[in-house]
Amino acid sequence: MNIFMVSSEAYPFSKTGGLGDIAGSLPLEISSINTTNTMNTRKASNINASLIIPLYKQNYKLINKKDILTTLEIEHGKNIVKVDIARIKHPNNDNINVYFIKEDNLFKRNGIYSENGIDYNDNASRFILFSKAAVKLIIYLYEKENLEVDIVHIHDWQTALIALYIKEVFNEEEALRKLKVIFTIHNLAYQGNFPVDIYGLLNISWKFFVHSRLEFYGNVSFIKAGIILSDIVTTVSPSYAKEIQGEEFGCGLNNLLSDVSSKLYGILNGGHDEEWDPKTDKYIKNNYDINTVSKKKIIRNSLYKEFGFINKSCPLVTMISRFDPQKGLDLIYQSFFEIATYNANFIFLFSKNNYFKDFEEDFIDRANRAKNIKVLFTFDESLAHRLTAGSDMYLMPSRFEPCGLNQIYSMKYGSIPIVHAVGGLKDTVINYNGAKTINKATGFVFNEYCIKSFVQTMDLAFDLYYNKKDIWNKLVANAMSKDYSLHRCALEYTKLYKKLLSDK
Ligand code: ADP
């Protein structure tokens, strides 16, 4: 089975969030699964996975002249754009081919979607070209190398148009006739809606600018192409799959998503089994497991030294995320007064977002008034790992959360998550609710999105931490034993791939 994963980001080549984690590690994980093996063990896989991603500035060092497979000429609006295709073996598995779409003007930049927190104003053009190039590459490989792709797995709005090009624009192409498309929505809030003046760049007939295809309140919606035309649509947790069919979280697409519910699946994301494992994590010096969890304190102490906290004998609470209202920043901001009173230190690591510049300044200003709070605005993979390993609790009060990976990582690292009962957070964290839940609870889950519930839940967590150490330690052990692995997630995707091919 030949599967091509197409994404705008994929770790370790590029990453801004959970999409990068999953699109990057899924090809590795599915190539270790044999779909004919009913025991689902990791033996001789019959899946050939490949990855197509843009070549960003930081990736140029990975390719040489000899890696350029071909140059494709792509019609892009009124121009013909020459796009180089570079092919390398994946550094972690040489059975996997990584195809880079190389177009210096559009992709050789400092950022992936934005720079200094401001989106590039030609993102529509960039990902239209990327999508066309990916489809043309599949046709090229069929014609020149006899490679028949069975399934294309596309992710989020940046690649959603691929469904349209495959199913309705270039559908007469021999290479694409039997091709199945699976589309994964990592976050419905990002839809790729652009003013109609970009339509010319699509190089398609105006017949597609109708409500049943790309038109969305007078704009062009890339995500609609993925939802309507893919054979299967998935999203990243079972709860989010239900939530997006309702008005509150449907972002205007709830009716469409209900209409396609028979092909809509919720597959819970998984944490990368080796990258995010306290036993093997390359970013921490003192690796540990469930039996040596006391080593977390050494990591915590070195963080306390590094960040210059005055109180060094209290628990550490962390949060690592994009600086986006989605992540429950208003709850954090409004509870700074209470946070400052806890006998604990807090470190917040945020990726910058210029849309909320004023709020960011206010946020920093308030945080700086407390001696036990540090806020950093940078994207730092290494620090993210160290904070997860060194912390005792993890905050994720998201307003909505398709899946969320950080609560999964934090549980694995024995850092107890405090989360809002929504989307993937609800599906992964088991709430501590007194003695009856002691054998399964892995964290704290509050139902109502308000300061009162959030603070009460933090109070409960600190009470347990300080006064009921046995229960706390049991929660840590429960959390660290949970299996939210990528392997389980990959098995579910391979079931869908198999289903798609048997439906042929
Ligand atoms: P989302 O995709 O909505 O951003 P997820 O929880 O699914 O949220 O995934 C976030 C990923 O991005 C995690 O791997 C997290 O550690 C990482 N991340 C987010 N912000 C930062 C940051 N400022 N520095 C380093 N890593 C970050």
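The model is predicted. An open sheet of six strands has parallel pairing. The aromatic pairs number 44. Glu-401 is a buried residue with polar side-chain contacts to Gln-326 and Lys-327.

**The six-stranded sheet**

- The strand order is β17-β16-β15-β18-β19-β20, and the sheet is open.
- Strands β17 (373–377) and β20 (444–446) form the edges, each pairing on one side only.
- On average, neighbouring strands are turned by 15 degrees against each other, direction ignored.
- Strand β19 (residues 416–420) is joined to β20 by three bridges, in the parallel sense.
- Across from His-420 stands Phe-446, a residue of β20.

**Helices on this sheet**

- Helix α12 (residues 357–368) lies across β16 (345–351) and β17.
- The direction of α12 makes about 150 degrees with that of β17.
- Helix α16 (residues 451–467) also packs on the sheet.
- The strands that α16 touches are β15 (316–322), β16, β18, β19 and β20.
- Relative to β20, helix α16 runs at about 160 degrees.

**Strand β5 and its partners**

- Strand β5 (residues 93–102) is mostly covered, with eight of its 10 residues buried.
- On the parallel side of the pairing, five bridges link β5 to β2.
- Ser-50 faces Asn-97 of β5.
- Strand β4 (residues 79–90) runs antiparallel to β5, and seven bridges join the two.
- The link from β4 to β5 is a hairpin through two residues.
- His-90 stands opposite Asn-93, which belongs to β5.

**Aromatic rings**

- The count of aromatic pairs in the model comes to 44.
- One of them is Tyr-56 with Phe-107, an edge-to-face pair.
- The ring centres of Tyr-56 and Phe-107 are 6.1 Å apart, with 85 degrees between the planes.
- Tyr-56 lies in the loop between β2 (48–54) and β3 (68–76), and Phe-107 lies in helix α2 (residues 104–107), so the pair ties together parts 51 residues apart in sequence.
- Tyr-56 has a relative accessible area of 0%, so it is buried.
- Phe-107 is also at 0% relative accessibility and therefore counts as buried.
- One aromatic cluster is made up of Phe-323, Tyr-333, Phe-336, Tyr-342, Phe-346, Phe-348, Phe-350, Phe-359, Phe-363, Phe-377 and Phe-462.

**Charges over rings**

- Arg-366 has its charged end over the ring of Tyr-333, 4.1 Å from the ring centre.
- Tyr-333 is also one of the members of the aromatic cluster.
- The charged end of Arg-109 sits over the ring of Tyr-120, at 4.7 Å from its centre.

**Glu-401**

- Glu-401 sits in the loop between β18 (393–396) and α14 (406–412).
- Its relative accessibility is 3%, so Glu-401 counts as buried; the cut-off for buried is under 20%.
- The side chains of Glu-401 and Lys-327 make a polar contact of 3.0 Å.
- A polar contact of 3.4 Å links the side chain of Glu-401 to that of Gln-326.
- Leaving out residues up to four places away in sequence, Glu-401 touches Tyr-240, Gln-326, Lys-327, Met-396, Val-422, Gly-423, Gly-424 and Leu-425.

**Lys-108**

- Lys-108 is located in the loop between α2 and β6 (114–115).
- At 41% relative accessibility, Lys-108 is partly exposed.
- Beyond neighbours within four places in sequence, Lys-108 contacts Leu-55, Lys-57, Tyr-60 and Glu-103.
- The C-alpha atoms of Lys-108 and Cys-403 are 30 Å apart, and the two residues are separated by 295 residues along the chain.

**Asp-150**

- Asp-150 belongs to the loop between α3 (123–145) and β8 (151–155).
- With a relative accessible area of 15%, Asp-150 is buried.
- The side chain of Asp-150 reaches the backbone nitrogen of Asn-2, at 2.7 Å.

Definitions and conventions
Residues numbered from 1 in each chain as written. Predicted model: local features only at pLDDT ≥ 70, side-chain atom pairs only at ≥ 80, totals over all residues. Heavy atoms only, no water. Helix = DSSP H or I, 4+ residues; strand = E, 2+ residues; numbered from the N terminus. Buried < 20%, exposed > 50% of the residue type's maximum accessible area, 1.4 Å probe, protein only. Polar contact = N/O pair within 3.5 Å; in protein donor to acceptor, adjacent residues only side chain to side chain. Contact = heavy atoms within 4.5 Å. Phe/Tyr/Trp six-rings, centres within 6.5 Å; stacked < 30°, edge-to-face > 60°. Lys NZ or Arg CZ within 6 Å of the ring centre and 35° of its normal. Pairing = 2+ DSSP bridges. Axes fitted to C-alpha atoms, helices over the stretch in contact; angles between N-to-C directions.
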